[in-house]
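Me: I have a new structure to look at. Can you walk me through it?

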Amino acid sequence: MDRDLSGVRDLAADLAVRAGRLQLERRDTLRVGAPKAHANDVVSDVDIASERLIVEAIHAVWPDDAVQAEEGSSRAGASGWNWVIDPLDGTRNYISRTGPWSVCVALYEGDEPRVAVAHEPVANETFSAIDGGGAFLNGEKITVSGGPPLAEALVGVSFQPNPATKERTGKVIRELLPVCGDIRRLPAALNLVYLAAGRLDGGLALDTNLWDIAAGALIAREAGVVLGGRGDDFTTDLTVGAAPALWPALSERVRAAA
């Protein structure tokens, strides 16, 4: 089934901006619910309201599309198109006011990502991509960094903060930190889009969910980032991304440690 992907991107970007605006407006009055999978897996009423805003608008236009969303709005579909949504990637940062977060919307046709948007509300930055059409930040094309040597590279690290993954991530950081330029911890989506914009030279994400990485991965790929995991394809278990020149050194180190 044909679909106007430029129109899809524009709608997804508009919804992400609207959700980001809601998050900024309600930050002083948010209510935090009980943890989900573990003590560090938090959710707020703003996460839920943001997801509802996005999903209801999509359903009004494409009622037969499937939805895979973090906060419970998932539904089956019959059209062959699947929306993958993280309404607030970086909830702990949002709640604690200690770092950035983003609103992420991706559209898959079957197993293939076709459209992606990641919006960072505080900076008012909207990253987007259409499959085969390049990556953009606020409408301007972006590309991966030139890829400095590993000893000079800035590397983003993302991980689920459950006990087992923190232990696994610690092993990777112990291997990587002495040999790279420096490390930044970021929510997974921003890790990937900052790679796309050349702000980071490499990045890795451990034990994510698809909604954490779906939008960012397409944007990164369209910007020229090399992506992989334990094999040629990135997975929720392990995602590694880098500028092409940095890829061999970074991927070898991360795979060995992870």
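Reply: We can go through the sheet, the helices on it, the cores and some salt bridges. Keep in mind that this is a predicted model.

Me: Fine. How many strands are in the sheet, and what is their order?

Reply: The sheet is open and has 7 strands. Their order is β1-β2-β3-β4-β5-β6-β7, and the pairing is mixed.

Me: Which strands stand at the edges?

Reply: Those are β1 (66–69) and β7 (140–142). Each has a single partner strand, so one side of each is left without a neighbour in the sheet. On average, neighbouring strands are turned by 20 degrees against each other, direction ignored.

Me: In what sense do β1 and β2 pair?

Reply: They pair in the parallel sense, over 4 bridges. For Val 67, the bridge partner in β2 is Trp 83.

Me: And helices? What does α1 lie across?

Reply: Helix α1 (residues 5–25) lies across β2, β3, β4 and β5. It runs at about 30 degrees to β4. Helix α6 (residues 210–222) packs on the sheet too, touching β1, β2, β3, β4, β5 and β6. The direction of α6 makes about 100 degrees with that of β4.

Me: Now the inside. Which residues of the largest nonpolar core touch the most other members?

Reply: Phe 127, Leu 192, Val 193, Tyr 194 and Ile 219 do, out of 34 residues in that core. β3, β4, β5, β6, α5 (188–196) and α6 each supply at least two residues.

Me: Take Val 193. What does it touch, leaving out residues up to four places away in sequence?

Reply: Val 193 touches Ala 118, Phe 127, Gly 216 and Ile 219. Another core lies apart from the largest one. That other core has 30 residues, including Trp 81 and Tyr 94.

Me: Change of topic. How many salt bridges does a search of the whole structure find?

Reply: The search finds 16. One joins the side chains of Arg 18 and Asp 14, at 3.9 Å from N to O. Both residues lie in helix α1, 4 residues apart, about one turn of the helix.

Me: What about Asp 45: buried or exposed?

Reply: Asp 45 is buried, because its relative accessible area of 14% is under the 20% cut-off. The side chain of Asp 45 meets that of Arg 26 in a salt bridge of 3.0 Å, N to O. Arg 31 also forms a salt bridge with Asp 45, with the closest N and O atoms 3.8 Å apart.

Me: And where is Arg 31?

Reply: Arg 31 is in the loop between α1 and α2, 14 residues from Asp 45 in helix α2. Arg 31 is exposed, with a relative accessible area of 57%.

Definitions and conventions:
Residues are numbered from 1 along each chain as its sequence is written. This is a predicted model: local features need pLDDT of at least 70, side-chain atom pairs count only at pLDDT 80 or more; totals for chains, interfaces and linings use all residues. Side-chain values use heavy atoms; hydrogens and water are left out. Two strands pair if DSSP finds at least two bridges between them. Axes are lines fitted to C-alpha atoms, for helices over the stretch in contact, and angles run from 0 to 180 degrees between N-to-C directions. Contact means heavy atoms within 4.5 Å. A nonpolar core is a set of buried Ala, Val, Leu, Ile, Met, Phe, Trp, Tyr and Cys residues joined through side-chain atoms within 4.5 Å. Buried means under 20% relative accessible area, exposed over 50%, partly exposed in between (1.4 Å probe, protein chains only). A salt bridge is a side-chain nitrogen of Lys or Arg within 4 Å of a carboxyl oxygen of Asp or Glu.
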